[in-house]
Amino acid sequence: MPKKHILETNQEAWPKQEAKPQKKERPQSQKELQLEEFENYLIIQNMSENTIRSYRYAIRQFFQLYPELTYSNLQLYKLYLLEHYKPRTINLRIHALNCFLNYTEWPDSPIIQVRIQQKAFLEHVISEGDYEYLKARLLSDEEYLYYFLVRFMASTGARVSEVIQFTVEDVKNGFKDIYSKDNKIRRIYVPAALQKDTIQWLKQIERLSGDIFLNPSGDRISPGGIRRQLKKLAIRYNLDEKVVYPHSFRHRFAKNFIESCSDITLLSNLLGHESIETTRIYLRRSSSEQKAIINQVVDW
């Protein structure tokens, strides 16, 4: 009788393995589906990625703390925010939740935001002297990318998220149209001097089209990357880190504009403010300017 091959013998002895049941994907809950639909609603409303991310975080935070959407839970959430966050953050979370309530056709009143007392002065605004010094150092060190980033923010009044969207074509046109979340168009102008210098720089680096502000990988530079690099530059040039950040240059634009042209309505439109009251803060002096005046005037 012929011998069976050892492998055949062992295979006969092995127990048959039962097929493992495949893991079933957990079906989405009604709440998760609702949140997903809400995000799609925000996209349709032309909300920015940052706004959608912020709204999503606020809604998920609420439901993690309070599983049911009730009036009492909304009030409890507001109390939670008051205990853990600053007024501006509180109002951002409340605004997000009110947007969600509006989407769900909530029958009761929305959550009332907290009042923020306006300061009588502007804080953490780069001075004209420090701005000019920073530009000069960036130029002498051949830091052309950040030289032009800083100039764009301070000469156009654009937000950092808007500046990074500028293309070669926009510079040649002398303006860029930005579409807001409510489908309004805001035109950001490139002043003639900045346009001339930028076109010359773009020719030198052979950038013929597309985004003008790119990172070393060749991708569009990010606002976070700009903030981190500005902090490093402030340390390198011995400047106050508190005033060297993207929005500080937008403040500088507004301060310079209002001092040269008293048309606050035009400034409000250029900055894209929903209310002229927001723009009125630029009629106030910065805290450093107030201190300088006090030191000059008060000698008693």
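Biologist: Which residue forms a salt bridge with Arg252, and how far apart are the closest N and O atoms?
Modeller: Side chains of opposite charge can pair when their charged atoms come close. In this predicted model, Arg252 pairs with Glu128, with the closest N and O atoms 3.4 Å apart. The bridge links distant parts of the chain. Arg252 sits in helix α12 (residues 246-260), Glu128 in helix α6 (residues 128-140), and 124 residues separate them.

Biologist: Is Arg252 buried or exposed?
Modeller: The cut-off for buried is under 20% relative accessible area. Arg252 has 5% relative accessibility, so it counts as buried.

Biologist: Which side chain meets Asp141 in a salt bridge?
Modeller: That of Arg236, at 3.8 Å from N to O. This pair, too, links distant parts of the chain. Asp141 lies in the loop between α6 and α7 (144-156). Arg236 belongs to helix α11 (residues 223-236), 95 residues away.

Biologist: What about Asp170 and Lys176: are they buried or exposed?
Modeller: Both Asp170 and Lys176 are buried. Their side chains meet in a salt bridge of 2.9 Å, N to O.

Biologist: Which residues do salt bridges with shared partners join into one network?
Modeller: Asp141, Glu143 and Arg236.

Biologist: How many salt bridges does a search of the whole structure find?
Modeller: It finds 11.

Biologist: Now the surface. Which residues make a nonpolar patch?
Modeller: Leu76, Leu79 and Leu82 make one of about 260 Å². Leu79 is placed in helix α4 (residues 71-84). It counts as partly exposed because its relative accessibility is 48%.

Biologist: How much of the accessible surface of the chain belongs to carbon and sulfur atoms?
Modeller: 51% of about 20100 Å².

Biologist: And the chain as a whole: how many helices and strands?
Modeller: There are 15 helices and 2 strands. The chain has 300 residues, and buried residues make up 35% of them.

Biologist: What share of the contacts with a separation of 6 or more comes from residues 24 or more positions apart?
Modeller: Such residues account for 61% of those contacts.

Key:
Residues are numbered from 1 along each chain as its sequence is written. This is a predicted model: local features need pLDDT of at least 70, side-chain atom pairs count only at pLDDT 80 or more; totals for chains, interfaces and linings use all residues. Side-chain values use heavy atoms; hydrogens and water are left out. A salt bridge is a side-chain nitrogen of Lys or Arg within 4 Å of a carboxyl oxygen of Asp or Glu. Helices (H or I, at least four residues) and strands (E, at least two) are DSSP runs, numbered from the N terminus. Buried means under 20% relative accessible area, exposed over 50%, partly exposed in between (1.4 Å probe, protein chains only). Patches are made of residues with over 30% relative accessible area and no salt bridge: like charges are joined within 9 Å, nonpolar side chains (Val, Leu, Ile, Met, Phe, Trp, Tyr) within 5 Å. Accessible areas come from the Shrake-Rupley method with a 1.4 Å probe; for residues, only the protein chains shown count as cover. Contact means heavy atoms within 4.5 Å.
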